[in-house]
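Have a look at the structure before reading on.

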Amino acid sequence: MNFPATTPKLLVLGGPASGKSTYRVQAYQRFEHKPGELKLLKSVGDFTAIGEDVDRVNQGLQPMHTTSNKYVTTDFALVDAAGHQYDLRFADYDGEQLRRMSSSNLLSASWVERAIQAESWLLFLRIDSIRAVKSFMTSPVDTGPRKDAESNALPQPIATGPVTESNVLEMLQRLLFVRGASLRHRVDTPRLAVLLSCWDELAASERVTAPNALLASRAPLLSRFLAANWQPHSLHVWGLSSTEKSLPKDIPDTEFARKGAENFGYIVVDADSEDRDLTIPINWLLQPR
Amino acid sequence: VSGSCRRVDCDVASGLPCEMGVRDPRQCPQYQVAADSASSPESSRDDTSDDGSGLRLPWTGRALGLADITLASARGPARLAGVIGLFNAGKTALLTAIYSHFAQKGLVGSYDFAGSFSLQAWNQLNDHTIWPSISGGVFPPHTPDTGQRTPGLLHLAFRRGGEMVRDVLFTDAPGEWFTRWLANEAADDAQGARWIAENATHFIFVVDRAGLAGADVGRVRQNTLTLARRLSEHRRARPVIAVWTKSDVAHDDEIESHMRARLTEYFGEHQALNLHAGDPKCVEVLEFLIQDRPEPARAKPSFAPASAFLAYGLAL
């Protein structure tokens, strides 16, 4: 059975190097070559905003860093197993835009509009490198007066370090606020899918935990913030490995290229439970309400 | 956009939204564009740059001011925790410890962390304790006494299950405010302390245990007790918790048992915690603030109808 196509609005959220571009390429490869819950209804009309990335991944190279201040989109005509059709606009941009969003209280008109219109939010988090709020327990406190000679010897923190838990919290608070969500009650809309990217780069002990549990241990404030402000049925956390290994920048991984990009990558559904269908999170986001 | 507003109560110059509700400040008749920014080139249009079309959110992440209380109380009555204590009693260190320990789990009892309008301010406090850190890992600096009449406010929101969100604000005021309030209850420069005593819904009374065991014990004891008494006279049955800080260093049992008896005299039976910055039990202060307690009898106006039925009847 076929339904008339809907045009769901997807808001892609992720800081620098959070895996947005690679996932977009690999999700496309699945739509096109190895359909799961979602497949392409017809070929991609305008390939310009994703073509170069697809080309690189097919050669066994990582996508190039998205150009600063660019916001590009590619449209996919998709159909799910039940016959629902979607005209999905899938965006990519440089993640610095989101980092800036958390450090200034100014939200550009284009981001305000995206936040208001999108009912499906897809958040990418590099859970292996997120910097959580530190504690007295893990970071003992020197109760004495500051000794300049000693502190000079300590390594200085870098201003543009990894994305912090607080950055992500502030970004979500701001986007929810402009939607008019007072958070008096837990929100039903937008649906939020969280993808913990680069799962393959985690320590072996962490790879066997459930994604939700890993989020709670690595970023406890964020984990509770999500549970506190989204209805349980509107929030889902998955682990993600788009290519199963980190692809090189310059010298192609020919083994990867020979086997075919569409045969790499998995979604972590639960502890020790993986699924090779990378379209699962998008399909969950797009399902009719 | 850089410039300023002729209205004294408008903070558009410091990046907050226009007080008159104008989306692009340059369209507001009260606004004066700074001379040097009037001719900025439009060519460098950035998705996050300020071309006047963007939206200013009403919070920056820094500590909140008095006007911002409306932000935290728009969703329901916010609780305001007045943190009261002498200079060097450990008020700011206590706030830092509460946030730092709370952030390790993101929940207290059955209440989840549900957001904060002052994340940046909390992190600034906390950065002083990260090891190795920007400042070499020392306690937060004393809160500067800027002479402002309202303290900087820190915010946390909580939620249990599908209930409504609960907002809690904390005052982070310099000890000098309370010293002046001690010296003269009605002093002009004790307005900040009076504001806290008048508006807080809960009080956290901070006692410096190390001070009571130190060389300056006489003065610390005297001022702590006078401050407790002053507070008790303004308390109006609002809940109070005594937090005995710096419990990881030597303390003097004899003086303390005397002090505890005196505090009970002023506050009645009250909850008391012995804490130090490294103690995860610091989050128990949050439990004290979030939990529901029966409304104190004195707080109920006597003319209020006893039931909704009666209220309806009176309206007829």
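What follows is a short tour of ring pairs, a ring cluster and charges over rings.

Keep in mind that this is a predicted model. Searching the whole structure turns up 20 aromatic pairs over all chains.

**A:Tyr28 and A:Phe47**
- These two rings count as edge-to-face because their planes sit at 70°, and their centres are 5.4 Å apart.
- A:Tyr28 belongs to helix H1 (residues 20-33) of chain A, while A:Phe47 is in the loop between strand S2 (38-40) and helix H2 (51-59), so to speak a link between distant parts of the chain, 19 residues apart.
- A:Tyr28 is buried at 5% relative accessible area, whereas A:Phe47 is partly exposed at 30%.

**A:Trp121 and A:Trp230**
- This pair is edge-to-face too, with 6.4 Å from centre to centre and 65° between the planes.
- A:Trp121 sits in strand S6 (residues 120-125) of chain A and A:Trp230 in the loop between helix H9 (220-229) and strand S8 (235-241), so the contact ties together parts 109 residues apart in sequence.
- A:Trp121 is buried, with 0% relative accessibility, and A:Trp230 is buried with a relative accessible area of 0%.

**The cluster**
- One aromatic cluster is made up of A:Tyr23, A:Tyr28, A:Phe31, A:Phe47, A:Phe76, A:Phe90 and A:Phe124.

**Charges over rings**
- A:Lys20 has its charged end over the ring of A:Tyr93, 4.9 Å from the ring centre.
- A:Arg114 places its charged end over the ring of A:Tyr71, 3.4 Å from the centre.

Technical notes
Residues numbered from 1 in each chain as written. Chains lettered and ligands numbered in written order. Predicted model: local features only at pLDDT ≥ 70, side-chain atom pairs only at ≥ 80, totals over all residues. Heavy atoms only, no water. Phe/Tyr/Trp six-rings, centres within 6.5 Å; stacked < 30°, edge-to-face > 60°. Helix = DSSP H or I, 4+ residues; strand = E, 2+ residues; numbered from the N terminus. Buried < 20%, exposed > 50% of the residue type's maximum accessible area, 1.4 Å probe, protein only. Lys NZ or Arg CZ within 6 Å of the ring centre and 35° of its normal.
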